[in-house]
Amino acid sequence: MSPKAEAYASVPHKDNETIAILEIPEPEKANDAEKPTMTDETIELKPKMTLLNGVTVIVGSIIGSGIFVSPSGVLKNTGSVNMALVVWITSGIFSMIGAYCYAELGCMIKKTGADYAYIMVTLGKFLAFIRLWVECMIVRPCTVAIVALTFSIYAVKYFFPECEPPDDAVRILAAVCICILAFVNCWDVSWATAVQDIFTYAKLLALFIIIATGIVQLGRGKTENFNWDDTETDFTKIALSFYSGLFAYNGWNYLNFVIEELQDPVRNLPRAIGISIILVTVVYVLTNVAFYTTLSVPEVLGSEAVAVTFAKVMYGPMAFMIPVFVAMSTFGGVNGILLTSSRLFYAGACEGQMPEIFSMIQVDKMTPAPAVLVSAFLSLCYLCSSDIFSLINYVGFATWVSIGLAVFCLPVLRWKHPEWERPIKVQLFFPVIYIIATIFITIVPMIASPVETGIGLAIILTGVPVFFIFPAWKNKPVFIKKMLASTTLVLQKLIVVVPPPKSDKTK
């Protein structure tokens, strides 16, 4: 491997010029670095996650709020039930192709940060930072807010059966959900994965109950809603429906963000991705079929909580169980997103593109506590808005631009570094198809929804001046360096964190 490739493959750290200028001795920090724990273990992220944990992280992150919110969003822009099912199936296939491409990238570049790391290696620091900025400042916290709001809506539905719950109550409960899960993720990775396992099983149970009911309904001949009537003829609106469909599948790439914590990633990463995406696609399509065996188009479009409406019609006195299961599902979804989002802040800080404090590990719990806390804080900020579908559109545009760019790295690396080891090697046909489809679902909706996509683009572009002011500006005035160093030191002592040792990992 070339020296340049080795430099990219390792995990670099910010230099300590700020500390050097301050000339502040740091005996505590130095001692911690020399003997990280009482058991002589290195303070770093540990590979504690098994294949089953990997599957539950992906399934738990994907099946959050999307299947319970997006059916009406997809149907609104397609017009007919059959066209809506086509969008759901196509979205699953599209996600599967993307996951297949990510399996090659993840096994080749085994670094926390996923597509951020892939763009850094392939396209350089500027585009990697823009990706980091979009994901950290928009996509992840916004997604956590959406899923937490959905959790709140379903959790309080039982107490407000005949009317909409108070908006303030919904947002307060969403904030409580985020704070509890932030604590769990700060305390212990094994706690976080245990929560993920339990709530993934709960959400699958809820969906299997709905699917079984749908199969019974089909056996009774309830197929009158499955038709092409009123199918939308405006092609741009059909494209816009993919934002809601793909939002429901959002999360298929999340395991790549914690790859350093996955046992035997070359073996377990592709297996976890394959099992998860196939399972989720089948479950999603069958769940939608179940909904439409009972609910008409107007009933779905008029419901904010499709699963609750379905349960009221089908389960009578036991209908309250579905909101409980859905609340558990979305609770697990928030946990999965927080678990993986914090690792993106961690990866960015290790590359010197985020504040150094986010790269530090809690000395007792071995968790990236500062990164978890900032992820939770940003998510709380997005709770200022409770308009779920507007948030989904912002997330959709930013997400698919970024993921398309990451998939573009695959053919570029084939050309630039054909000598790199690739345990998995996909046919180039798949990334080419994925990139073309990504261009389609990002450009066409700009025509149909120019204001929302314009706002999303503007938010992305705000990362440009941030890059040149912070990561790219190396010769900052001394007083700024002193201020940053002092802030880092105070936070380090407050949270009891130290930087991990420099990694010698190669690709």
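**Figure 1. The largest nonpolar core of the predicted model has 142 residues.** A nonpolar core here is a set of buried Ala, Val, Leu, Ile, Met, Phe, Trp, Tyr and Cys residues joined through side-chain atoms within 4.5 Å. Buried means under 20% relative accessible area (1.4 Å probe, protein chains only). Look for Trp-252, Leu-255, Tyr-284, Val-334 and Trp-400, the residues with the most contacts inside this core. Helix H8 (residues 125-157) supplies the largest share of the core, 17 residues. Helices (H or I, at least four residues) and strands (E, at least two) are DSSP runs, numbered from the N terminus. This is a predicted model, in which local features need pLDDT of at least 70 and side-chain atom pairs count only at pLDDT 80 or more, while totals for chains, interfaces and linings use all residues. Residues are numbered from 1 along each chain as its sequence is written, and side-chain values use heavy atoms, with hydrogens and water left out.

**Figure 2. Val-334 and its partners are shown close up.** Beyond its neighbours within four places in sequence, Val-334 is in contact (heavy atoms within 4.5 Å) with Val-144, Val-147, Ala-148, Cys-177, Ile-178 and Leu-181.

**Figure 3. H8 packs against H15.** The angle between H8 and H15 is about 165 degrees, and their axes lie 8 Å apart. Axes are lines fitted to C-alpha atoms, for helices over the stretch in contact, and angles run from 0 to 180 degrees between N-to-C directions. The two helices, H8 and H15, are therefore roughly antiparallel (an angle over 145 degrees). The residues of this contact between H8 and H15 comprise 16 nonpolar, 7 polar and 2 charged. In this count, Ala, Val, Leu, Ile, Met, Phe, Trp, Tyr, Cys and Pro are nonpolar, Asp, Glu, Lys and Arg are charged, and the others, Gly among them, are polar.

**Figure 4. Helix H4 (residues 51-62) meets helix H15 (residues 321-350).** H4 and H15 pack at about 115 degrees, with axes 7 Å apart. From H4, Val-57, Gly-60 and Ser-61 meet Gly-332, Gly-333, Gly-336, Ile-337, Leu-339 and Thr-340 in H15. By class, the contact of H4 with H15 has 3 nonpolar, 6 polar and no charged residues.

**Figure 5. Thr-367 sits in the loop between strand S1 (361-362) and helix H16 (369-382).** Thr-367 is buried, with a relative accessible area of 0%. Although Thr-367 and Val-189 are 178 residues apart in sequence, their C-alpha atoms are 6.6 Å apart in space. Not counting residues up to four places away in sequence, Thr-367 touches Asn-185, Cys-186, Trp-187, Asp-188, Val-189, Met-360, Ile-361 and Gln-362.

Definitions and conventions. Buried means under 20% relative accessible area, exposed over 50%, partly exposed in between (1.4 Å probe, protein chains only). Angles under 35 degrees count as roughly parallel, over 145 as roughly antiparallel, 65 to 115 as roughly perpendicular and the rest as oblique.
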